[in-house]
Amino acid sequence: ATWGYGNDNGPATWVKSFPVAAGTRQSPIDIVPTAAKCDTKLTENPLTVNYSPEPAMELCNPGLSVKANIKSKSVIKGGPLEGEYKLEQFHLHWGSADKQGSEHTLNGKMFPAELHLVHYNATKYSSFGEAVDKPDGLAVFGIFLKISDKPHQGLKSLTDVLSEVQYKDKSINIKQEYNPVCLLPDNINKYWTYLGSLTTPPLCESVTWIVFEEPIEVSEDQMKAFRALCCGECGSAPIVDNYRPPLPLGNRQLRASFQ
Ligand SMILES: NS(=O)(=O)c1ccco1
Ligand SMILES: [Zn+2]
């Protein structure tokens with residue numbers, strides 16, 4: 001039985017096949033800004049993003065989300081990171097309604113969706129596959145999505161073609177050069193960071209999470225486009241509520257790059 005987000009294979013069942021689900025550095029978490037420690041070391045060493053245009057970005061439907069695979073040299077460094085981390089892929093988690101969908105929550109509040117840009121430590125490891133289960137292997141940007149009356153232009157190149165990857169294992173190439181930097185919020189200097197995990201199986205405790213305070217704004221129509229994606233072939237259930245609820249912070253320190 002493969003894992004998913006239903007009653008019989010959802011987050012509460014994952015521990016059976018992936019015991020690390022009960023670990024001490026699991027993700028997501030509820031972000032409580034007043035409990036975060038402002039760390040000047042984060043501001044003294046600003047987070048730096050050097051993303052490049054992707055000539056023909058591959059967009060696919062793996063069945064439980066929508067994912068873009070990156071081939072170009074797009075790297076980040078600084079902030080909480082030691083060394084250079086290379087962008088591997090990005091994907092999203094979203095709800096069946098605007099009241100839910102994000103994985104991280106902010107003072108208990110869920111956003112309609114959350115975008116994850118997944119990077120691996122290219123200074124220490126030679127591939128994502130090698131880095132995925134190392135404690136300093138991955139760095140993931142978490143970006144909240146909120147609803148506005150205007151569509152997000154950067155996401156529009158993707159939401160306009162989601163119908164072409166409606167079914168599982170479909171993939172297309174986004175022709176025109178796409179630079180993922182268009183997906184980042186304006187202010188990337190305000191974020192929270194903590195040591196966590198992948199939020200889907202295998203749930204490896206290998207992620208330095210960087211969750212930005214500033215959401216990006218998407219339209220209701222763009223949310224509807226995500227909700228029209230299917231888990232399988234024609235007639236299968238829509239991909240919705242593909243989020244893991246928050247896990248305890250435990251003894252971890254949540255740090256903030258800002259006051
Ligand atoms: N959702 S996430 O970014 O933690 C992830 C990446 C790969 C598997 O799970
Ligand atoms: Zn994710």
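Trainee: How far is an oxygen atom of ligand 1 from an N or O atom in the side chain of threonine 200?

Mentor: A polar contact is a pair of N or O atoms within 3.5 Å. Here the distance between the threonine 200 side-chain atom and the oxygen of ligand 1 is 3.0 Å. Taken alone, ligand 1 exposes 270 Å², and the protein buries 91% of that; such areas come from the Shrake-Rupley method with a 1.4 Å probe. Please remember that this is a predicted model, where local features need pLDDT of at least 70 and side-chain atom pairs count only at pLDDT 80 or more. Residues are numbered from 1 along each chain, and side-chain values use heavy atoms, without hydrogens and water.

Trainee: Which histidine has a polar side-chain atom 3.3 Å from a nitrogen atom of ligand 1?

Mentor: That is histidine 93. For histidine 116, a side-chain N or O atom is 3.4 Å from a nitrogen of ligand 1.

Trainee: Which residues coordinate the zinc ion (ligand 2)?

Mentor: Donors are N, O and S atoms within 2.8 Å of the metal (3.2 Å for Na, K and Ca). His91 and His93 use NE2 and His116 uses ND1, at 2.0 Å.

Trainee: What is the geometry of the zinc site?

Mentor: Four donors count as tetrahedral if all angles lie between 85 and 135 degrees. The angles here are 99 to 117 degrees among four donor atoms, so the site is tetrahedral.

Trainee: Are histidine 91 and histidine 116 buried or exposed?

Mentor: Both are buried, meaning under 20% relative accessible area (1.4 Å probe, protein chains only).

Technical notes: Chains lettered and ligands numbered in written order. Tetrahedral: all angles 85-135°; square planar, octahedral: opposite > 155°, others 65-115°. Buried < 20%, exposed > 50% of the residue type's maximum accessible area, 1.4 Å probe, protein only. Polar contact = N/O pair within 3.5 Å; in protein donor to acceptor, adjacent residues only side chain to side chain.
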